[in-house]
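Please work through each task before reading its solution.

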Amino acid sequence: MSGRDLFCQPRRTGRGAALTLLFASVLVAGAATGSLPGTGRGQEARSTRSAAPATSRPEQVTRAAEEALADGKSPMEAAERAVSRSGDRWGAVYSRGEYEEFQEALDGRYTGVGLWARRERDGRIEVAKVAEGSPAARAGIRAGDRLRRVDGHTVDGRPVTEVLALLRGDATDAPAGTVVTLGLERGTRAWNLTLRRASLSTQPVTVRRVSGEVTVIRIASFAKGVGETVRAAVRQAPAGAGVILDLRGNSGGLVAEAVTTASAFLDGGLVATYDVDGEQHALHADPGGDTTRPLVAVVDGGTMSAAELLTGALKDRGRAVVVGSRTFGKGSVQMPSRLPDGSVAELTVGHYRTPSGRDVDGTGVTPDLEADAHALQRAETILDGLGDASRHP
């Protein structure tokens with residue numbers, strides 16, 4: 001499991017700050033990661049409906065908040081208790097300020113130290129990646145360093161989401177300029193390091209050319225505008241040349257942006273289906289995408305949610321060869337509910353499925369070809385073969 005300090009928000013239970021990684025969505029001007037898409041392009045509601053309970057969990061949480069307000073108690077705390085009792089793995093409650101902060105993150109801005117983290121099988125927390133120019137990068141932290149403590153809290157065995165919350169200071173709403181002390185290890189060396197949090201911006205899409213005409217499009221997250229950026233990169237790629245879509249470590253983002261990205265490579269058609277309280281819906285690509293250019297998608301265990309939705313669509317539609325390792329397996333749908341005090345509760349209300357009907361929640365997407373650290377080189381080799389096949393039918 002991996003994540004970074006961009007898409008984390010706190011979920012308070014009691015005095016502690018348990019964290020939920022917000023692959024699920026805030027529905028800010030569109031559908032957020034793994035969340036229910038808003039009505040608009042690419043969405044078509046179907047008439048199929050299965051029996052739904054008379055009172056949904058979102059309604060139960062809202063009722064708990066309203067009763068607390070009437071009794072002069074905290075609606076947010078009441079909602080948190082209701083979410084905790086629901087057993088929803090991805091359920092969370094966010095204050096008005098936290099919600100606004102996530103809106104900024106979807107615009108490509110966030111507060112943190114610039115670390116991606118992953119938890120190894122033995123529970124160790126390692127640095128997966130360091131953002132260029134971030135406080136962590138300037139301090140010399142490298143990918144592969146082991147993170148032992150954050151502000152004195154031992155992190156071994158903790159969910160990555162909680163670790164990232166400590167880095168961001170979510171429990172105390174720590175702004176840019178506040179400090180965080182890390183305990184790190186590299187080989188036999190152990191040291192403590194104090195960093196100052198900063199307001200950072202993301203560059204969710206990077207485009208580069210390799211092996212002559214092959215274009216590599218790396219998508220770190222599906223923030224606003226990513227889909228159109230990818231479509232522009234595809235249009236600007238050399239005619240007929242292959243594209244590698246690098247989705248490794250992509251923790252998700254706006255579902256609408258993932259659908260727009262799919263539209264760059266598909267000529268309409270189904271991208272995914274999803275259900276909300278038993279009612280079935282569908283997401284469709286726009287017509288007119290490039291359907292002939294050779295395409296390879298590269299994924300790993302850090303490929304999550306909206307990135308899995310995109311991967312599943314390209315694989316099931318026969319549009320891309322998928323290379324790498326099994327993806328994370330987060331395919332649930334969250335719906336936000338505004339509470340009386342302005343806070344927001346999100347609960348899982350359904351799951352999405354790939355065009356062939358596969359549910360990726362808990363299972364992920366299996367690549368066509370397994371590859372490890374040399375996945376990009378393997379992708380280039382595959383593109384060579386695909387290009388030869390397209391030239392010699």
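**Exercise 1.** How many aromatic pairs does a search of the whole structure find?

*Solution.* The model is predicted, so local features need pLDDT of at least 70, side-chain atom pairs count only at pLDDT 80 or more, and totals for chains, interfaces and linings use all residues. Residues are numbered from 1 along each chain as its sequence is written, and side-chain values use heavy atoms, with hydrogens and water left out. Rings of Phe, Tyr and Trp (its six-membered ring) pair if their centres lie within 6.5 Å. The search returns 0 aromatic pairs.

**Exercise 2.** Identify the charges that sit over the rings of Trp116 and Trp191.

*Solution.* The criterion is NZ of Lys or CZ of Arg within 6 Å of the ring centre and within 35 degrees of the ring normal. Over Trp116 lies the charged end of Lys129, 5.0 Å from the ring centre. Over the face of Trp191 lies Arg189, at 3.9 Å from the ring centre.

**Exercise 3.** Check the length of helix H2 (residues 75–86).

*Solution.* Helices are DSSP runs (H or I, at least four residues), numbered from the N terminus. The expected span is 1.5 Å times one less than the number of residues. Next, consider burial (under 20% relative accessible area, 1.4 Å probe, protein chains only). In H2, the buried residues include Pro75, Met76 and Val83. Just after H2, Gly87 has a positive phi of about 75°.

Key
Rings of Phe, Tyr and Trp (its six-membered ring) pair if their centres lie within 6.5 Å; planes under 30 degrees apart count as stacked, over 60 as edge-to-face and the rest as tilted. Helices (H or I, at least four residues) and strands (E, at least two) are DSSP runs, numbered from the N terminus. Buried means under 20% relative accessible area, exposed over 50%, partly exposed in between (1.4 Å probe, protein chains only).
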